[in-house]
Amino acid sequence: LYLVSMGAVLATFALGRIGAAGSVAVAAVVASVAEILGTGPLQLNALGPSAKLLASQLFLAATSLTVLPVAAELHARKALLARVRDSEARFRLLAEQSSDVILHLEVGGEFRFVSPAMKRLSGHEPADLIGRPSADFVHPDDLPAVAAEHRAC
């Protein structure tokens, strides 16, 4: 029975909500046919017909309660990822077309993103700055103040 649940979870990851619903439906049909033919896994137990039916229903309910929340979470993640991609595309479009320099620094002060305006205003290629410490571009007398501002941010 655990293999059926694992198959249902794998189908859910592969096909989403359709995989979840389909795998539970397939499990219900297969379990029903197997029980009718007297070959199902519940035949190994000395249960009466009503207890076997109840056990089958409990198994299908447990499988449903396992895969349906997974399918819902996968759907929500997919929608969130699409929104993040759209947002990033808008940010990149704005940053690349802006006449202002836009910088994104890591916590340690390294450049993570540098807009193309940096080339026009300072002569530095944005790609050459990625990963370099921003402190390399600060006058030595100003380093303590800049470091304090980085910590404050």
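This is a predicted model: local features need pLDDT of at least 70, side-chain atom pairs count only at pLDDT 80 or more; totals for chains, interfaces and linings use all residues.

Analyst: The protein has six helices and two strands, and their order along the sequence is α-α-α-β-β-α-α-α.

User: What makes the protein more spread out than a compact globule?

Analyst: The globule rule gives 15 Å for 153 residues, whereas the radius of gyration of the protein is 29 Å. The value is well over that of the rule, and the protein is therefore described as more spread out than a compact globule. Along its principal axes, the C-alpha trace spans about 85 × 30 × 20 Å.

User: Which residues of α3 are buried, and what do they pack against?

Analyst: The buried residues of α3 include Phe-59, Leu-60, Val-67 and Ala-71. The buried residues of this helix pack against α1 (2-15), α2 (17-37) and β2 (111-114).

User: Why is Ala-20 called buried?

Analyst: The term buried requires a relative accessible area under 20%. Ala-20 has 0% relative accessibility, so Ala-20 counts as buried. Ala-20 lies in helix α2. Leaving aside neighbours within four places in sequence, Ala-20 is in contact with Thr-12, Val-67, Leu-68 and Ala-71. Ala-20 and Leu-10 are ten residues apart in sequence, and their C-alpha atoms are 8.9 Å apart in space.

User: Why is Ile-18 called exposed?

Analyst: A residue is exposed when its relative accessible area is over 50%. Ile-18 has a relative accessible area of 67%, and is therefore exposed. Ile-18 also belongs to helix α2. Ile-18 and Ala-71 are 53 residues apart in sequence, yet 8.6 Å apart in space, C-alpha to C-alpha.

User: What makes Leu-68 partly exposed?

Analyst: Partly exposed is the class between the buried limit of 20% and the exposed limit of 50%. The relative accessible area of Leu-68 is 45%, so Leu-68 is partly exposed. Leu-68 is found in helix α3. Its C-alpha atom is separated by 7.7 Å from that of Ala-21, 47 residues apart along the chain.

User: How many side chains are positive and how many are negative?

Analyst: The protein has 13 positive and 14 negative side chains. The centres of the two sets lie 12 Å apart.

Technical notes
Residues are numbered from 1 along each chain as its sequence is written. Side-chain values use heavy atoms; hydrogens and water are left out. Helices (H or I, at least four residues) and strands (E, at least two) are DSSP runs, numbered from the N terminus. The radius of gyration is taken over C-alpha atoms; the globule rule is 2.2 Å times the number of residues to the power 0.38. Lys and Arg count as positive and Asp and Glu as negative; His and the chain ends are not counted. The place of a charge is taken as NZ of Lys, CZ of Arg, CG of Asp or CD of Glu. Buried means under 20% relative accessible area, exposed over 50%, partly exposed in between (1.4 Å probe, protein chains only). Contact means heavy atoms within 4.5 Å.
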